[in-house]
Each structure stands twice: as structure tokens, then as C-alpha cells.
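User: I'm new to reading protein structures. Could you walk me through one, feature by feature?

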Amino acid sequence: MERLLLVAAVVLAAVALAAVVRRRRPQPPTQARWSAPAQLDRDDFDRPDAPWLLALFTSATCDSCAATRDKAAVLASDDVVVQEVEVTARRDLHDRYQIEVVPMILLADAEGVVQKSFLGPPSATDLWAAVAEARQGPEPA
């Protein structure tokens, strides 16, 4: 019986010690939040006269970037220029627009205002719908 009480006391002390240690643990550091640029200079990209730019920021070492590129490529048309901006080929644009995560897709209008952005690989449906919605324009009130 004494052994049972001794074991119970040791277990209770261990639980109490764990609770104290857990309370003293510091809060995790603030995590970085990536954001997409709100404006692009259309002269930095191909066909600045096209009504729409779909800028795809990528890296050659990124597996999901290749799949994202394939989804975006089919959207190229006379009105929509799709341009891949690979980090080693165009480090200047990645730095200028502070692109820190890839793939990142920016859909910009003729003035360079980003109308829609995707951080990470979007579904084809979401990407295609965003371009169609932007090209259609806002619904009348």
C-alpha cells in the first residue's frame, strides 16, 4: 500500500511540474506573413499594352511552380499576356516586388493594378475563374 501511495505521489508531482513548465514556456515568435504587391509597372513585363497581365513568379527548383505554369499557360490570348518570372532569370523583378514565396500569381490590369493574387498553387478552376471575372469587369449595380 505504501508503494502505491509513493507511486501516486510521484505521478502527481510529475503532472504538477509539467503544468508549471508549460505555463512558463514563452509565446512563439511572430510568424512572417507574405503579401502580394498591389501594383506592378507594366513596362517591367512583356506586352505592356495588353489589357491583362498574368505574372507568374516561380523558381526552377519548385515542383508546384511547373504545375502552376501549365495551368496559367492556357490563359494566354491577345488580351492576356502570361509571363513567367523565374527567380534565377529575373532576380531583379523578384527583388523589386519583394517576392519571397513561389509560386505567386498576380493578375494585373492595363494600369498595373493587381486585381487578384494567388500565393501558392491555385486550382485551375480558381485561376481561370479569376481571369474570367476580371476580364468581365464589375457587375452593374
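**Reading the model step by step**

Analyst: Let's start with a pair of cysteines: Cys-62 and Cys-65 are both buried, where buried means under 20% relative accessible area, exposed over 50% and partly exposed in between (1.4 Å probe, protein chains only). This is a predicted model, in which local features need pLDDT of at least 70, side-chain atom pairs count only at pLDDT 80 or more, and totals for chains, interfaces and linings use all residues. Residues are numbered from 1 along each chain as its sequence is written, and side-chain values use heavy atoms, leaving out hydrogens and water.

User: What joins Cys-62 to Cys-65?

Analyst: A disulfide is a pair of cysteine sulfur atoms within 2.5 Å. Here Cys-62 and Cys-65 are joined by one, with S to S at 2.4 Å. The torsion about their S-S bond is about 90°, so this disulfide is right-handed. A search of the whole structure finds one disulfide.

User: How do I read a strand such as β3, and is it buried or exposed?

Analyst: Helices (H or I, at least four residues) and strands (E, at least two) are DSSP runs, numbered from the N terminus. In β3, five of the five residues are buried, so the strand is largely enclosed by the rest of the structure. Met-104, Leu-106 and Ala-108 point one way from β3, while Ile-105 and Leu-107 point the other way.

User: Which strands run antiparallel to β3?

Analyst: Two strands pair if DSSP finds at least two bridges between them. β1 and β3 run antiparallel, joined by five bridges, and Leu-54 stands opposite Leu-107 in β3. β3 also pairs with β4 (residues 114–119) in the antiparallel sense, over five bridges. Met-104 has Leu-119 in β4 as its bridge partner. In the hairpin of β3 and β4, five residues lie between the strands, and Gly-112 takes a positive phi near 90°.

User: How many salt bridges are there?

Analyst: Side chains of opposite charge can pair when their charged atoms come close. A salt bridge is a side-chain nitrogen of Lys or Arg within 4 Å of a carboxyl oxygen of Asp or Glu. A search of the whole structure finds six. In one of them, Arg-96 meets Asp-41 (3.7 Å, N to O). Arg-96 lies in helix α3 (residues 91–96) and Asp-41 in the loop between α1 (2–24) and β1, so the pair ties together parts 55 residues apart in sequence.

User: And what about a salt bridge inside a helix?

Analyst: Asp-95 and Arg-91 meet in a salt bridge (3.9 Å, N to O). Both lie in helix α3, four residues apart, about one turn of the helix.
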